[in-house]
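Trainee: I would like to learn how to read a protein model feature by feature. Could we start with charged side chains and work from there?

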Amino acid sequence: MLQARDTRSSILRRELPQLMKLAIPVVMAELGWMAMGVVDTIMVGKISAAAIGAVALGNMLFNCIGVMSIALLLGLDTLIAQSFGAGDIDDCNHSLRQGVWMATGIGPLLLMAMVLIVPASGMLGMHPDVEVLAVPYAAVLAWSVLPLAFYAAFRRYLQATNIVRPVMVAFLTANVINAAANWVLIHGELGFPALGVTGAAWATILARAYLALFLFVVLVLRERHKPTQLFHWEPPDPVRIAALLRLGIPAAGHIFLEIAVFAAATALAARFPPVALAAHEVALNNASLTYMVPLGISSAAAVRVGQAVGRGDAAGASIAGWTAILTGVSFMAFASAVLILIPARILRIYTPDAAVISFGVPLLYAAAAFQLFDGAQVVSTGALRGLGDTKTPFWANVIGYWILGLPVGAWLCFRGGYGVLGLWAGLTLGLIAAAAVLLARWRVRARRPI
């Protein structure tokens with residue numbers, strides 16, 4: 001028994017540095033993704049509270065459909081990581097090429113879906129001052145789905161083969177491009193027309209196209225340095241694409257449901273005056289910002305668990321998953337403390353509006369309450385994806401968010417008289433339920449991961 005404990009402890013000491021070596025650049029990349037939205041919110045916040053709400057709802061419309069270009073390709077995490085763990089680089093390359101074929105089809109289809117949905121978004125019942133800005137913003141932003149699909153395929157391959165630093169560098173530099181383009185296009189600097197909120201959407205398109213191009217160049221340079229026939233021509237492989245879809249569709253469903261529940265909460269918050277919606281958006285931005293850290297750890301968990309499965313290392317897969325979960329939860333405990341201690345200071349970063357700050361402080365307290373559960377559920381999702389289980393997170397979201405969290409939140413908001421704060425209370429309850437389901441499932445699967 002003592003020898004077994006020493007063995008597990010030894011594996012843990014070896015696993016944590018390996019996990020962090022992979023996770024830190026991925027976390028930085030996720031923070032870079034989130035930073036684009038934060039910068040957009042801050043820069044349009046100088047226009048009006050309605051502009052903040054417009055960016056929130058425009059991104060909500062995009063995320064419900066456009067982010068599926070990333071989500072449907074998450075199966076690459078599992079297949080490439082497991083092949084890499086088994087030492088089969090040819091199969092890794094085969095998966096990427098088929099992922100590119102998928103991206104070629106996914107991007108235009110999702111763009112068409114957004115073109116149809118955005119004009120109908122006025123039916124959400126948003127405030128007229130917000131709607132007049134949000135709809136054109138979302139219509140422009142829809143075009144960024146095309147480069148995002150290819151970026152997703154390139155990124156999954158790089159991460160799953162332990163090449164993560166270029167992903168981080170891509171986001172750091174893309175944020176510079178986004179901020180500069182915002183400055184030029186929102187306010188009309190350097191002779192460009194002042195496009196207002198829509199200018200932020202054009203800046204985001206430019207930054208996302210840059211991301212896809214940057215990672216493609218990385219792959220080209222890597223192939224020249226160490227040839228692996230990565231760019232060998234091959235037609236679509238129905239068997240591999242079907243395997244990717246079997247993993248990707250539940251993963252996309254999970255992400256869609258998670259995004260959609262917060263989108264639905266934002267749509268409900270949009271029924272209140274712009275000040276309340278702005279407070280909701282600022283608080284949601286902060287909760288999303290802290291979420292990026294365990295989300296990055298989740299991606300690292302998928303890779304580490306998948307590689308261990310590929311090697312046939314059952315103990316290593318289990319330790320990799322538990323190490324990632326504990327790391328993610330520990331960070332979120334720290335984030336929760338920060339949100340509780342300095343809520344007003346955080347809100348002032350976004351807006352000097354005293355009314356928005358007053359509305360926002362209780363919402364940050366609510367965000368602090370669900371940090372631990374949010375971290376646990378997202379990292380568990382990554383660990384399960386490394387094993388090839390993408391269905392459990394989907395059903396956990398159905399139960400936690402849609403059967404429990406959103407109905408309770410809506411009741412507290414409108415019938416209970418708690419307003420936007422009631423929505424957040426319901427979402428917290430949903431996160432607790434989802435985290436409990438996912439941790440229980442991981443505990444079972446970790447005992448027999450291969």
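Mentor: Happy to. A salt bridge is a side-chain nitrogen of Lys or Arg within 4 Å of a carboxyl oxygen of Asp or Glu. Keep in mind that this is a predicted model.

Trainee: How many salt bridges does the structure hold?

Mentor: The structure holds 8 salt bridges. The general idea is simple: side chains of opposite charge can pair when their charged atoms come close. Take Glu-30 and Arg-155, whose side chains meet with an N to O distance of 2.7 Å.

Trainee: Which parts of the chain does the pair of Glu-30 and Arg-155 tie together?

Mentor: Glu-30 lies in helix H1 (residues 2–45) and Arg-155 in helix H7, so the pair ties together parts that are 125 residues apart in sequence.

Trainee: Is Glu-30 buried or exposed?

Mentor: Buried means under 20% relative accessible area. Glu-30 has 8% relative accessibility, so it counts as buried. Arg-155 is buried as well, at 3%.

Trainee: Which helices hold Arg-385 and Asp-77?

Mentor: Their side chains also meet in a salt bridge, at 2.9 Å from N to O. This pair links distant parts of the chain, with Arg-385 in helix H14 (residues 354–387) and Asp-77 in helix H4 (residues 75–85), 308 residues apart. Apply the cut-off again: Arg-385 is buried at 8% relative accessibility, and Asp-77 is buried at 0%.

Trainee: And Glu-234, which partner does it have in a salt bridge?

Mentor: Its partner is Arg-97, and the closest N and O atoms are 3.2 Å apart. Glu-234 sits in the loop between H9 and helix H10 (238–269), while Arg-97 sits in helix H5, so the pair ties together parts that are 137 residues apart in sequence. Both Glu-234 and Arg-97 are buried. Salt bridges can also share partners: Asp-77, Arg-156 and Arg-385 are joined into one network that way.

Trainee: Let's move on to rings. How many aromatic pairs are there?

Mentor: Rings of Phe, Tyr and Trp pair if their centres lie within 6.5 Å, and by this rule the count comes to 10 aromatic pairs. One of them is Tyr-210 with Phe-214, a tilted pair at 5.8 Å centre to centre with 55° between the planes.

Trainee: Why are Tyr-210 and Phe-214 separated by about one helical turn?

Mentor: An α-helix has 3.6 residues a turn, so residues three or four places apart point the same way. Tyr-210 and Phe-214 are 4 residues apart in helix H9, which means that about one helical turn separates them. Tyr-210 is partly exposed at 23% relative accessibility, and Phe-214 is partly exposed at 23% too.

Trainee: What kind of pair do Trp-322 and Trp-442 form?

Mentor: Trp-322 and Trp-442 form an edge-to-face pair, 6.3 Å centre to centre with 70° between the planes. Trp-322 is in helix H12 (residues 314–341) and Trp-442 in helix H16 (residues 420–445), so their pairing ties together parts that are 120 residues apart in sequence. Trp-322 is partly exposed at 31% relative accessibility, whereas Trp-442 is buried at 0%. Ring pairs also link Trp-33, Tyr-151 and Phe-171 into a cluster.

Trainee: Which residues make a nonpolar surface patch?

Mentor: Leu-213, Phe-216, Val-217, Leu-221 and Phe-231 make one of about 450 Å². Among them, Leu-213 lies in helix H9 (residues 197–225) and counts as exposed, at 53% relative accessibility.

Trainee: Last one: what is the phi of Asn-162?

Mentor: Most residues other than glycine have a negative phi. Asn-162 has a positive phi of about 70° although it is not a glycine. Asn-162 lies in the loop between helix H7 (145–160) and helix H8 (165–187), and it is partly exposed, with a relative accessible area of 37%.

How values were computed:
Residues numbered from 1 in each chain as written. Predicted model: local features only at pLDDT ≥ 70, side-chain atom pairs only at ≥ 80, totals over all residues. Heavy atoms only, no water. Patch = residues over 30% accessible without salt bridge, like charges linked within 9 Å, V, L, I, M, F, W, Y side chains within 5 Å. Areas by Shrake-Rupley, 256 points an atom, 1.4 Å probe, with all protein chains shown as cover. Helix = DSSP H or I, 4+ residues; strand = E, 2+ residues; numbered from the N terminus. Buried < 20%, exposed > 50% of the residue type's maximum accessible area, 1.4 Å probe, protein only. Phe/Tyr/Trp six-rings, centres within 6.5 Å; stacked < 30°, edge-to-face > 60°.
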